[in-house]
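Visitor: Hi, I'm new to this one. Could you put it up so we can look around together?
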Amino acid sequence: MHVAFFLLLGASLARFLLRHPWEDRSPWIVALSGALASLYLLGPVLGTRATPRRIAWLGTVVAVWTVLVVLAPSFAWCAVPLFYTGLRTLPPRAALGLVALLTVFVVAAQVQLSEGGFDPNLVIAPPAVAAIATAVFVHADRQAERQRALIEDLIRTRRELAAIERREGTLAERQRLSMEIHDTLAQGLSSQQMLLQAADRTWDADPSTARRHVRTAESIAERNLAEARRFVHDLAPADLAEGGGLEEALRGLAARESAVFRVDGTAVPLPDRVQSALLRIAQGALANIREHAEAASAALTLTYLDDQVVLDVADDGRGFDPAAVREDDGVRGHGLPAMRVRARQLGGTLTIESAPGEGTVLSAAIPLEVRP
């Protein structure tokens, strides 16, 4: 529209100067054309909203154009870009009124320019052009409004999705922390409590044994402190951070819990997250054995198969009915649900074989990554 306006303005000025020798009104026509061009250039600077400055600017432009049309009807068709300017700036009724006023001036100018008498086309064409211009603008404006509404909906949807993702991230982090706390701090505190209670019972009768229990509790507290610092920073378990790998970590865990540890198959490198998950599962399983099974012995077996790695934790305790323990059962705390979640997150499975009075075998199978 801006380019069209200046082309029409230049063409109208050229037509006037070519058809009319230099006249007394010619300086006024040239000056008003320059003033109109300068005023039009200010439009984009003032924006498109119907502010008082913008409305005053539009009124000045229309007034200068009206004087030009009165002095030289050749400038009448410069009204077409002004149609759009008025429609963009003014409220609907005021804009339609301005379009009608400009159309009247265009019709009057065309009739004045006609040399062969009255021509109906001169009366019909300007209103038709004004109607088409208005219809095109209204249609484009409605399309733009629908697009704005769609964009707003998309932005709102993106914000809602971002909020949902943040909530899911928070819940996932809570779940991670709850599992980490259960598998480390809670177990350590339980062990410390049992050791300190044993030390209290034997303090007078067997001071050396009591001191040994206290030193063991101190060692567990130190290890738990290291674990707490590491899982807060989402690092590997302390046993793995020492650099010995999963087998050494499980061997050390089994030694602390007085369990037997065995490795079957050919060892293959495992991702850090798989090692962490299997170690946490072993810690949780041994904690359950210590707290609930009343077992005389326990065994850890790490088996490397062609397509998966399997960790078995067996005990000869009192056992239980696995069908009676739901995943959301709060009686056994976070232990079994946490183990299932850890295995499921890696595409693995957790199975439990047990019966009252017959001990328990817990098996966690994690698939190995496909290698070429």
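Visitor: Thanks! Let me start with a side chain: is Arg 148 buried, partly exposed or exposed?
Guide: Arg 148 counts as partly exposed, because its relative accessible area is 40%. Do keep in mind that we're looking at a predicted model.

Visitor: Okay. Which residue does Arg 148 form a salt bridge with?
Guide: That's Glu 145, and the closest N and O atoms of the pair are 2.4 Å apart. Glu 145 is partly exposed as well, with a relative accessible area of 44%.

Visitor: How many salt bridges does the structure hold?
Guide: There are six salt bridges. One of them joins Arg 156 and Asp 153, at 2.2 Å from N to O. Arg 156 and Asp 153 are three residues apart in helix H6, so about one helical turn separates them. Another salt bridge is formed by Asp 264 with Arg 262, where the closest N and O atoms are 3.5 Å apart.

Visitor: And how exposed is Asp 264?
Guide: Asp 264 is partly exposed, at 27% relative accessible area.

Visitor: Switching topic: at what angle do H2 and H3 pack?
Guide: The angle is about 160 degrees, and the axes of H2 and helix H3 (residues 52-71) are 10 Å apart. That is why H2 is roughly antiparallel to H3.

Visitor: Is their crossing left-handed or right-handed?
Guide: H2 and H3 cross in a left-handed way.

Visitor: What about the surface? Which residues form a nonpolar patch there?
Guide: Leu 17, Trp 22 and Val 30 do, and together they have about 310 Å² of accessible area. Val 30 belongs to helix H2, residues 26-46. With 35% relative accessibility, Val 30 counts as partly exposed.

Visitor: Last topic, the backbone. What is the phi of Ser 258?
Guide: It's near 60 degrees, a positive value in a residue other than glycine. Most residues other than glycine have a negative phi. Ser 258 sits in the loop between helix H9 (245-256) and strand E1 (260-264), and it counts as exposed at 64% relative accessibility.

Visitor: And where is Glu 294?
Guide: Glu 294 is in the loop between helix H10 (272-293) and strand E2 (298-304). The phi of Glu 294 is also positive, near 55 degrees, and this residue is exposed, with a relative accessible area of 64%.

How values were computed:
Residues are numbered from 1 along each chain as its sequence is written. This is a predicted model: local features need pLDDT of at least 70, side-chain atom pairs count only at pLDDT 80 or more; totals for chains, interfaces and linings use all residues. Side-chain values use heavy atoms; hydrogens and water are left out. Patches are made of residues with over 30% relative accessible area and no salt bridge: like charges are joined within 9 Å, nonpolar side chains (Val, Leu, Ile, Met, Phe, Trp, Tyr) within 5 Å. Accessible areas come from the Shrake-Rupley method with a 1.4 Å probe; for residues, only the protein chains shown count as cover. A salt bridge is a side-chain nitrogen of Lys or Arg within 4 Å of a carboxyl oxygen of Asp or Glu. Helices (H or I, at least four residues) and strands (E, at least two) are DSSP runs, numbered from the N terminus. Buried means under 20% relative accessible area, exposed over 50%, partly exposed in between (1.4 Å probe, protein chains only). Axes are lines fitted to C-alpha atoms, for helices over the stretch in contact, and angles run from 0 to 180 degrees between N-to-C directions. Angles under 35 degrees count as roughly parallel, over 145 as roughly antiparallel, 65 to 115 as roughly perpendicular and the rest as oblique. A crossing is left-handed if the near helix is turned anticlockwise from the far one by less than a right angle, and right-handed if clockwise.
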